[in-house]
Amino acid sequence: MTDDKDNFFDQDLADLKLLLTSWGEPDYRADQIWSGIYQGLKDGPDRISNIPKSLRAKIRERFTFGSLAPETSLYSKDHQTEKTLFRLVDDQAIETVLMYYEKRRTLCISTQSGCAMGCVFCATGQMGFRRNLTSGEIVEQVMYFARQLKESDESLTNIVIMGMGEPFHNYKETLAAVDRLNHPTGMNLGARRFTISTVGLIPEILRFADDHRQVNLAVSLHAADDKLRSSMLPINRKYPLDELIDACREYVKMTHRRITFEWALIHNINDTIEQASTLANLLRGLICHVNIIPLNPTDGYSGKATTMEHARIFQAELKRHGIPCTIRVRRGIEIQAGCGQLASVKV
Ligand code: SAH
Ligand code: SF4
């Protein structure tokens with residue numbers, strides 16, 4: 001960490017209380033700092049007016065409040081999508097995407113720089129794995145955009161953990177970040193506002209079910225038979241479809257929560273009626289929703305997006321089998337801010 005300081009956003013309130021107690025400060029000072037940063041969205045201790053100046057200085061010396069350096073921000077033509085590249089302290093980089101919908105302000109955050117899963121159509125997978133983010137680096141992405149929105153009297157409504165990286169490959173830090181953002185005297189972002197998307201790591205899906213959080217779960221499927229899925233998502237060789245769907249059934253049974261499946265439609269690859277009906281069979285009786293999205297282009301993959309016409313036929317087939325399904329609109333494609341387009345090739 002810069003200047004040997006710890007990242008403030010890596011701390012829980014309990015850690016902060018312990019530290020302040022060791023400094024001989026009363027407990028409520030930690031609460032004041034915590035709510036100043038997370039509720040008041042102050043960018044450092046100097047702006048928290050209800051704590052003494054001497055304590056502000058001590059906190060400033062002990063912690064850094066900005067380990068993410070915003071480097072470039074790009075805006076889609078319609079200004080409804082904004083993508084920011086952040087430089088990390090060790091010179092790695094991540095990207096974060098803010099999407100404006102009618103009433104929603106949805107932030108898509110990263111959990112790793114790069115990704116080890118190697119899905120062939122994903123720009124993050126194509127760049128390979130760099131490193132896990134700390135919980136603080138995950139939290140800071142949210143703080144940055146929460147502060148930005150506050151300037152126009154707005155706030156974040158939803159957080160999707162669907163940016164760079166596989167969140168369940170960095171389980172502990174990702175869930176620690178969710179809990180910190182969820183904290184009632186801090187940001188207080190309700191667990192239901194979060195969605196975690198996984199490529200299908202079975203042990204972590206079961207662990208997540210066991211954790212009984214209110215956080216939404218999405219699983220990236222993209223193919224309904226092992227041969228096709230393994231050719232697109234290498235992790236399928238380790239966690240094949242039948243076992244994955246069994247784990248999803250277990251998740252629904254344990255949590256009573258609906259699961260979302262993601263499917264990027266690729267022309268002539270996974271957009272056939274056969275794939276749709278095999279998928280419907282696979283998901284029979286499972287409380288779920290399928291999100292289909294035409295593939296976003298990436299440099300390292302030659303497959304093409306399905307046409308809207310084909311997407312509708314695919315959707316109709318799923319619906320015929322009683323599987324709830326929505327076609328998602330692509331966002332921010334021209335600034336490479338769409339699903340699977342995040343990468344930081346400059347590093
Ligand atoms: N690693 C997690 C979350 C990040 S990827 C996961 O794989 O689920 C977020 C979503 O974007 C996933 O559903 C992923 O399959 C999808 N995706 C990746 N590349 C894409 C592309 N080129 N077009 C459309 N969706 C893509
Ligand atoms: Fe990683 Fe998800 Fe991209 Fe696959 S789709 S390479 S798991 S970020």
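The shell around ligand 1 consists of eight nonpolar, nine polar and two charged residues, where Ala, Val, Leu, Ile, Met, Phe, Trp, Tyr, Cys and Pro count as nonpolar, Asp, Glu, Lys and Arg as charged, and the others, Gly among them, as polar. The model is predicted: local features need pLDDT of at least 70 and side-chain atom pairs pLDDT 80 or more, whereas totals for chains, interfaces and linings use all residues. Residues are numbered from 1 along each chain as its sequence is written, chains are lettered from A and ligands numbered from 1 in the order in which they are written, and side-chain values use heavy atoms, with hydrogens and water left out.

In total, 19 residues surround ligand 1, and Phe121, Ser197, Ser220, His222 and Asn296 are the closest; a residue is near a molecule or strand if one of its heavy atoms lies within 4 Å of it. Strand 10 (194-198) and strand 12 (259-265) each contribute at least two residues to this shell. Helices (H or I, at least four residues) and strands (E, at least two) are DSSP runs, numbered from the N terminus. Polar contacts are pairs of N or O atoms within 3.5 Å; within protein, one must be able to donate a hydrogen and the other to accept it, and residues adjacent in sequence count only if both atoms are side-chain atoms. A side-chain N or O atom of histidine 222 lies 2.5 Å from an oxygen atom of ligand 1. Nitrogen atoms of the ligand take part in two further contacts: one is 2.9 Å from a backbone N or O atom of glycine 165, and one is 3.4 Å from a polar backbone atom of cysteine 339. Of the 530 Å² of accessible area that ligand 1 has on its own, the protein covers 95%. Accessible areas come from the Shrake-Rupley method with a 1.4 Å probe; for residues, only the protein chains shown count as cover.

The whole structure contains 15 aromatic pairs. Rings of Phe, Tyr and Trp (its six-membered ring) pair if their centres lie within 6.5 Å; planes under 30 degrees apart count as stacked, over 60 as edge-to-face and the rest as tilted. Phenylalanine 8 and phenylalanine 9 form an edge-to-face pair, with 5.6 Å between centres and 85 degrees between planes. The pair of phenylalanine 8 and phenylalanine 63 is edge-to-face because the ring centres are 5.5 Å apart and the planes are at 90 degrees. This pair joins distant parts of the chain, 55 residues apart: phenylalanine 8 is in the loop between strand 1 (6-7) and helix 1 (13-22), and phenylalanine 63 is in strand 2 (residues 63-64). Phenylalanine 8 is buried at 0% relative accessibility, and phenylalanine 63 is buried at 2% (buried means under 20% relative accessible area, exposed over 50%, partly exposed in between; 1.4 Å probe, protein chains only). Phe8, Phe9, Trp34, Tyr38, Phe63 and Phe65 form one aromatic cluster. The charged end of arginine 62 sits over the ring of phenylalanine 63, 5.2 Å from its centre; the criterion is NZ of Lys or CZ of Arg within 6 Å of the ring centre and within 35 degrees of the ring normal.

Asparagine 270 is located in the loop between strand 12 and helix 10 (273-282) and is buried, with a relative accessible area of 0%. Its side chain reaches the backbone oxygen of alanine 264 at 2.8 Å, and a polar atom of the asparagine 270 side chain lies 2.6 Å from the backbone nitrogen of isoleucine 266.
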